[in-house]
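Hi,

Here is the structure I promised to pass on. Have a look at it first, and my notes follow below.

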Amino acid sequence: MRLLLLGCTGFVGKELVPTLLNENHEIYIVSRKPINKLKLDLDFNKFKFVQIDLSKKQNWNNENLLSILRETDGIINLMGEPIAEKKWTYSQKQEIENSRINTTQFMMETLKNFKINPKVIINGSAIGYYGTSLSDEFTENSIGGKDFLANLCKRWEAVAAEKPFFSRLVIFRIGIVLEADGGALGKMLPVFKIGLGGPIGDGMQWMSWIHRRDLCALITKSLVDKKYSGVFNAVAPNPVLMKDFSKTLGKCLNRPNLLPVPGAVLKILLGDGSKVVLEGQKVISKKLRNFNFKYPLLEKAISASTKN
């Protein structure tokens, strides 16, 4: 397939792009950064690159972009400012919202205005859709929460639903993505390796996770398998409590798991954003029960990520 990739130059894209190339897809990557600033460790001759800032509405009328869109079989849209990288100031919240909602809206308006109907559109979302809870279990049928992230995900998904009539839409509510070179695991590894690791907060919050390789396999499969339509929770089948995550990580690294990170410290660093880490949510997928996860269990996932 000829694919247009938006927001696929970061942590997930690092594995997704090679995975798609191995499946012989033809790839166009869009980024506002120049090609030499991309984190993709790839031969640049293997894909086509367009440098353009899609957060600006007028750039969607770019003739080069429109000609690519007209020839595109599928779009993968994972655009968005990282959720837990910076403190949630007012301006940071605006950036988190605009980078998802505005860009997705501009895309859907452009496709409809120019009568472009890709076969499939894969759009990101997050398990933050359900809000946080220390006790409830959420599936694809659960209602959304009421906090900032839940409202953001609801609006993001609603905008994605305005897709062209003939395009199949797949929305992945993505859990905590695990791999050693980034994300939550990437941040925790250096601390654990020097023997200072431990659970964050009281350790009783749920972590609903997925290994990056499984997420990329899921996205790749949904491009070609028409059974994938609508919303899916992109999470491994066995969520864990933070204290068990911490214990498993310590065990895999043969390091102690003694020093919990006080919730108060996280609140200072992340402000309101700390709620995502300190409260968590237990999310499972009823719709992916037949998907063959390579890493259904946390210990196997962490071992695979830390063996190098």
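How do α3 and α4 lie to each other, roughly parallel or roughly perpendicular? Before I answer, the ground rules: this is a predicted model, where local features need pLDDT of at least 70 and side-chain atom pairs count only at pLDDT 80 or more, while totals for chains, interfaces and linings use all residues. Numbering starts from 1 along each chain as its sequence is written, and side-chain values use heavy atoms, with hydrogens and water left out.

Now the helix pair. The axes of α3 and α4 (residues 148-160) come within 8 Å and cross at roughly 10° (axes are lines fitted to C-alpha atoms, for helices over the stretch in contact, and angles run from 0 to 180 degrees between N-to-C directions). The two are therefore roughly parallel, a label for angles under 35 degrees. Residues of α3 in the contact (heavy atoms within 4.5 Å) include I96, I101 and M108, and among those of α4 are F148, L152 and W156. Helices here are DSSP runs of H or I, at least four residues, and strands are runs of E, at least two, numbered from the N terminus.

α3 (residues 90-113) also has a kink of about 35° centred on N98 (the angle between axes fitted to the seven residues ending there and the seven starting there). After α3 comes K115, with a positive phi near 55°.

Then the sheet: seven strands, open and parallel, in the order β3-β2-β1-β4-β5-β7-β11. Pairing needs at least two DSSP bridges between strands. β3 (48-51) and β11 (230-234) are the edges, each with a single partner, so one side of each has no neighbour in the sheet. Neighbouring strands are turned by 20° against each other on average, direction ignored. β7 (residues 168-174) pairs with β11 over five bridges, and V170 stands opposite G230 in β11.

Cheers

Conventions. Angles under 35 degrees count as roughly parallel, over 145 as roughly antiparallel, 65 to 115 as roughly perpendicular and the rest as oblique.
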